[in-house]
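Good morning. Please have a look at the structure on the screen, and then I will walk through a few points.

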Amino acid sequence: MTSPHIVREIERRRTFAIISHPDAGKTTITEKLLLYGGAIQQAGSVTAREGMRHTTSDWMSIEQQRGISISSSALTFEYEGRHINLLDTPGHQDFSEDTYRTLTAADSALMVLDAARGVQAQTEKLFAVCRNRGIPILTFINKMDRPAVDPFELIEQVESTLGITAIPLTWPIGDGPDFKGVYDLQSKQVLVFERTARGKQRAPVQVAGLRDPELRQLVGPDLAAKLIQDVELIEGAMGEFDQNAFLKGELTPVFFGSAMNNFGVEHFLSRFVELAPPPGPVETNLGERDPEAPFAGFIFKLQANMSKAHRDRTAYMRVMSGHFERGMDVTHTRTGRKLRLSQAHTLFAQDREKVDDAYPGDIVGLVNPGVFQIGDVISLDGKLQLPSFPRFTPETFATISLRDVGKRKAFMKGLTQLTEEGVVQVFYPTDGARDPYLGAVGPLQFEVFQARLLEEYNVEVEMHVTSYELVRWLAGDTASVARFARHVEDDQGRPVMLFRSPYDLDYTQTQHPEIEFLPLPKDL
Ligand code: G4P
């Protein structure tokens, strides 16, 4: 029987990630969530972040400025008795596989939109990943203190672009310089916005009802009249919030606010802990794994050289069931090896803190002596596996060549470790050419790869983006497809072809109907 303690710990866990287009305010919201979660006393602007390396986590920049200890992969805080794990999804211009994989460890997601920009390209892609996983998504429309798109239009845009029902739980009163606050459609109270000195303190909130004569005074007669009209329209024309549809990922509750000014964030957080689900069952080869079952966890992210002081590799594990205890003996399903998890830590960047206990939904960093791969499962019973772990299909390809051939060994080590992490995918030409191709979802991944090779492995490389833009895996072994020029192999030795355009792909297929292309690996 599961101990009541474990049941309670599972029940109070909330593990989520923030998805947004760069600049929408993810870092600012994170900082404010920490402020309200009591992890920091005073939040400030995050200007020093500029000029930091892309690969450096946003958390680390906050940490450097605030001197607080936060994990570089999950940030943990308590709020109203809940234990919240906020996963770090890198906020690059480009996405990397890393971002997608991190989302496999989340039980819900917060989608942050810029009120002036609405749904942007990267939001759409990340949303699709969450949607495919069927996880519940909450929406925060940020920067209401700036001139914003009409809120009805924003709601409509979320629904039409993303294909999800959007139900506002709060409603903005004015925008830009006239932003006066939000109306909570459930408690039927107005939260009045007061500008603080760049949101350095927790913003005080005054409250009034919709029919209060005080409302006209607080927000002015025009905005009060407009609010009453808007609310009538919402209550008459929009559906009700439905918790089940939300949990199925079919409906998103929408909140409005201004993270920079601390406005709306605490209200969001207090609703989030009620709405967002605790860890649920995970699909495995042995059926659904209940979080109350004995200990099991899966690896969703690998990272090399986390800190200069500790040059090693870390595997991030999400606990999917049971109670994790440091020093416990587990079995690594893929290799059948027995492992003792003595080197577990959670909070580390400059310093590490040992983690003694963890529960479903928690993220634990394990020292990885090269044993772990993404998607690996460790458990007490030893037979558990995940059905498949997603790989993202690259859309841009570069050739890479070593400047100093004497560095070949370090280069190969860097290439192996960084591809393991999912920074890039590597393809080796089979036509005798020495230089491998790298594949990525976005070109920034190449820059990150190049910078990390130099900084962490002291290897300088030249890279040239090619005109290839499509990749297909071929049925059959390498020998049977050897007659096709232009084919390469992936890091598992599977034959692959690269194409310059969909036309190129079609043409090849028409010319060689005998080639059998495998279905693409399923994106999350
Ligand atoms: P990101 O992590 O999603 O990329 O966004 P980030 O929080 O870094 O915010 C991007 C910019 O938007 C920052 O300005 C930030 O201050 C600003 N911002 C965030 N929330 C709000 C808001 O509610 N209202 C307004 N007006 N601005 C907001 P920056 O100029 O790039 O940096 P900084 O100098 O302000 O730190």
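Predicted model: local features only at pLDDT ≥ 70, side-chain atom pairs only at ≥ 80, totals over all residues.

Where does I374 lie? I374 is in the loop between β22 (363–367) and β23 (377–379). P495 is 121 residues away from I374 along the chain, and the C-alpha atoms of the two are separated by 21 Å.

Now the chain as a whole. It has 524 residues, and 45% of them count as buried. It contains 13 helices and 30 strands. Take the contacts with a separation of 6 or more: 70% of those come from residues 24 or more positions apart.

How many of the residues of α2 are buried? In α2, which covers residues 26–36, the count is 10 of 11, so to speak a mostly covered helix. The buried residues are K26, T27, T28, I29, T30, E31, K32, L33, L34 and L35.

Last, the domains. The domain assignment gives domain 1 (4–275), domain 2 (282–379) and domain 3 (396–518). Between domain 2 and domain 3, 6 residues on the one side are in contact with 6 on the other. On the domain 2 side, strand β14 (residues 296–304) gives the most, with 3 residues. That side of domain 2 divides into 3 nonpolar residues, 2 polar and 1 charged.

That is the end of my part.

Notes:
Residues numbered from 1 in each chain as written. Helix = DSSP H or I, 4+ residues; strand = E, 2+ residues; numbered from the N terminus. Buried ≥ 20, exposed ≤ 12 C-beta atoms within 10 Å, placed from the backbone. Contact = placed C-beta atoms within 7 Å. Domains from an automatic or database assignment. Nonpolar A, V, L, I, M, F, W, Y, C, P; charged D, E, K, R; others polar.
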